[in-house]
Amino acid sequence: LNNAEIGQMHSLCESGEILQMYTGFGHAINRKIFLEIGGYREYFMHMCEERDFAMRAWRLGYKIVFFGGIKVLHRRTPVGRNNDRNFFYKIRNTIIYSYKNMIVYRLFWLPLSIIYMLLFWREANGRRMIVVRAVIDAFKTIFINRNEPSTQMNLADIIEFRKKPIR
């Protein structure tokens, strides 16, 4: 990030503000709490691991708090920044995250979302096979990890959770 991007990010929220979730390039978590919550799920190797962890922390009564006075230098590497790879994991991990954490999504929105991605999503133009592979891999991962505890939130919990900002 350059100085303008850092300043822009800090202007989005106030120090001490409780957030819904966070991005992974600049955060600190107490190790004991991190392990109590279960850490990051290994199958989220790229995208959604922070969102999933924050959801599980929230359900256990922890809060995500923004501290604006801390600066993190995040040196992005071009290695692994393949657009098709990112697109694959964006779809795959969003499906897994939603299936594991939101019962409403699982029952109603998931089938509709998959149909929408395949038929109408502009970002998927020319990459429909990536969508198909991501959906198949998501369900394979869900099946392999079917005995893992989930963090199912009911509709009232989701509404309360969604009231908090995302940063």
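Predicted model: local features only at pLDDT ≥ 70, side-chain atom pairs only at ≥ 80, totals over all residues.
**Entry 1: rings**

My rule for aromatic pairs first: rings of Phe, Tyr and Trp (its six-membered ring) pair if their centres lie within 6.5 Å, with planes under 30 degrees apart counted as stacked, over 60 as edge-to-face and the rest as tilted. Residues are numbered from 1 along each chain as its sequence is written, and side-chain values use heavy atoms, with hydrogens and water left out.

I searched the whole structure and got five aromatic pairs. In one of them, Tyr-40 and Phe-53 have ring centres 5.5 Å apart and planes at 65°, so I logged the pair as edge-to-face. Tyr-40 is in the loop between α2 and α3 while Phe-53 is in helix α3, so the pair ties together parts 13 residues apart in sequence. For cover I call a residue buried under 20% relative accessible area, exposed over 50% and partly exposed in between (1.4 Å probe, protein chains only). Phe-53 comes out buried at 3%, whereas Tyr-40 is partly exposed at 26%. Another pair is Phe-88 with Tyr-89: centres 5.0 Å apart, planes at 85°, so edge-to-face again. Both Phe-88 and Tyr-89 are buried. I also noted one aromatic cluster made of Phe-34, Tyr-40 and Phe-53.

**Entry 2: the overall layout**

Stepping back, I count seven helices and two strands. These are DSSP runs numbered from the N terminus (helices H or I, at least four residues; strands E, at least two). Along the sequence the order reads α-β-α-α-β-α-α-α-α. The protein has 167 residues, and 35% of them count as buried. I then checked contacts (heavy atoms within 4.5 Å). Of those between residues at least 6 apart in sequence, 79% join residues at least 24 apart.

**Entry 3: salt bridges**

My salt-bridge rule wants a side-chain nitrogen of Lys or Arg within 4 Å of a carboxyl oxygen of Asp or Glu. That gave me six salt bridges.

I looked at Glu-148 with Arg-41, where the closest N and O atoms are 3.4 Å apart. This one links distant parts of the chain, 107 residues apart: Glu-148 is in the loop between α6 (128-144) and α7 (155-162), and Arg-41 in the loop between α2 (31-37) and α3 (49-59). Arg-41 is buried at 8% relative accessibility; Glu-148, at 24%, is partly exposed.

Next up was Asp-84 with Arg-127, 3.1 Å from N to O. Here too distant parts of the chain are linked, since Asp-84 sits in helix α4 and Arg-127 in the loop between α5 (103-119) and α6, 43 residues apart. Asp-84 is partly exposed at 38%, while Arg-127 is buried at 18%.

**Entry 4: Asp-52**

What is the relative accessible area of Asp-52? I get 0%, so Asp-52 goes down as buried. Asp-52 is in helix α3 and has a salt bridge to Arg-56 at 3.0 Å, N to O. The two are four residues apart in that helix, so about one helical turn separates them. Arg-56 is buried as well as Asp-52. Skipping neighbours within four places in sequence, I find Asp-52 in contact with Arg-41, Phe-44, Tyr-97 and Asn-101.

**Entry 5: arginines**

Where does Arg-92 lie? I placed Arg-92 in helix α4 (residues 83-101), and Arg-92 is buried at 4% relative accessible area. Leaving out neighbours within four places in sequence, Arg-92 touches Tyr-43, Ala-134, Asp-137, Ala-138 and Thr-141.

Last, charges over rings, meaning NZ of Lys or CZ of Arg within 6 Å of the ring centre and within 35 degrees of the ring normal. Arg-51 lies over the face of Tyr-97, 4.9 Å from the ring centre. Arg-127, from the Asp-84 salt bridge, has its charged end over the ring of Phe-87, 4.0 Å from the centre.
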